[in-house]
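Q: Can you walk me through this model? I'll ask as we go.

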Amino acid sequence: MWRLWLSTLAAVLLISQSAFAQGAKVEVTVSTNPKDECATKVRLISGAANFTVAQTGKVIPLTQPFTCTCISAKGEVTNSFCPDSLVQFEFVPVQNTQPIVTSPTKLP
Amino acid sequence: MYSHKWMTASVLAGLFAMQSAVSHAESPIGTAASTRPNVEAVTGGNTLTLSSGNAIYANQTVRTGNRGTADLVFIDSTNLNVGPMSEIRLDKFVYDPTGSSGSVVLQARRGAFLFATGSQAKRAYQFNTPHGTLGVQP
């Protein structure tokens with residue numbers, strides 16, 4: 001009985017921890033070419049986000065991974081399924097990156 | 001009379017030098033984990049080449065050239081990949097790992113970006129573009 005209770009508790013803690021820790025991963029492109037249909041384009045990879053359109057104040061929820069949201073220069077919004085990445089560049093994977101530790105600076 | 005003028009000029013020069021020293025003494029908010037030339041970091045009108053391992057600072061603008069890319073890792077593990085021909089300002093960075101006063105504000109001006117939020121509260125993150133604001137759902 002205790003074992004079952006403990007395993008349930010552990011599972012609940014694990015789920016709540018991952019829910020808290022999970023942020024969002026998104027791709028964003030910003031065009032300066034007025035001929036482009038999408039002035040800003042956002043593609044959700046994971047997590048959940050929202051986009052507030054500057055011109056209209058409309059809040060677009062982004063909850064479905066691999067969905068692209070296209071915002072025109074006039075503030076019009078269209079959504080589409082887009083399995084392919086928006087960003088056409090590759091990065092060298094980061095390995096063993098140590099965080100920078102900072103300490104308060106004492107002024108003389 | 002003349003000595004007063006010299007004293008005033010010396011004090012002003014000293015204050016100017018201190019301001020310059022303080023601006024360089026700001027704590028870094030992360031590091032450029034990897035870069036591919038050309039990548040520039042612009043701070044207060046000064047433009048420097050951003051190379052792998054260099055620190056990044058708040059109020060800095062990161063700009064990439066035709067083939068330039070940068071992978072920026074912030075101290076809260078936020079990851080920002082900047083593609084070629086891109087420009088983004090690291091507007092604000094407040095690290096509050098335990099509380100709720102953290103704030104990460106980025107201002108993308110042009111280009112392509114891959115943005116992954118870090119360890120702070122979701123509402124801390126704000127990714128601005130000229131056409132709106134991207135936030136993380138709580």
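**Chat about the two-chain model**

Q: Let's begin with a strand pair. Which residue stands opposite A:Val53?
A: A:Val53 stands opposite B:Gly132, which is in β11(B). Keep in mind that this is a predicted model.

Q: And the strands there, parallel or antiparallel?
A: Antiparallel. β3(A) pairs with β11(B), residues 132-136 of chain B, over five bridges.

Q: How many residues does each chain put into the contact?
A: Chain A gives 32 residues and chain B gives 37.

Q: Which strands of chain A supply at least two residues each to that side?
A: β1 (25-30), β2 (40-46) and β3 (49-53) of chain A. The largest share comes from β1(A), with six residues.

Q: How does the chain A side divide into nonpolar, polar and charged?
A: 20 residues are nonpolar, ten are polar and two are charged.

Q: Back up a bit. What is the secondary structure of chain A?
A: One helix and six strands. From the N terminus, the order is α-β-β-β-β-β-β.

Q: How much of chain A is buried?
A: Buried residues make up 20% of its 108 residues. As for contacts in chain A with a separation of 6 or more, 31% are between residues 24 or more positions apart.

Q: What's the confidence like for chain A?
A: Mean pLDDT is 78. Of its residues, 62% reach 70 or more.

Q: Where does pLDDT stay under 50 in chain A?
A: Over residues 9-21. For that stretch the model has zero contacts beyond four places in sequence. Where pLDDT is low, the predicted coordinates should not be read in detail.

Q: Take A:Val42. What is A:Val42 in contact with, leaving aside neighbours within four places in sequence?
A: In chain A, the partners are A:Val26, A:Val28, A:Phe51, A:Leu62, A:Cys68 and A:Thr69. From chain B, B:Leu134 is in contact with A:Val42.

Q: Switching to chain B. Why does B:Ala41 count as buried?
A: Because B:Ala41 has 22 C-beta neighbours inside 10 Å, and the cut-off for buried is 20 or more. B:Ala41 lies in strand β2 of chain B, residues 39-43.

Q: What does B:Ala41 touch, not counting residues up to four places away in sequence?
A: B:Leu48, B:Leu50, B:Ile56, B:Gln60 and B:Val62.

Q: Last topic. What do β6(B) and β7(B) form?
A: A hairpin, with four residues between the strands. In the turn, B:Ser77 has a positive phi of about 75°. The strands, residues 69-74 and 79-82, run antiparallel and are joined by four bridges. B:Val73 stands opposite B:Asn79 in β7(B).

Q: What stands opposite B:Asn79 in β9(B)?
A: B:Ala116. β7(B) and β9(B), residues 103-116, run antiparallel with four bridges joining them.

How values were computed
Residues numbered from 1 in each chain as written. Chains lettered and ligands numbered in written order. Predicted model: local features only at pLDDT ≥ 70, side-chain atom pairs only at ≥ 80, totals over all residues. Contact = placed C-beta atoms within 7 Å. Nonpolar A, V, L, I, M, F, W, Y, C, P; charged D, E, K, R; others polar. Pairing = 2+ DSSP bridges. Buried ≥ 20, exposed ≤ 12 C-beta atoms within 10 Å, placed from the backbone. pLDDT = per-residue confidence, 0-100.
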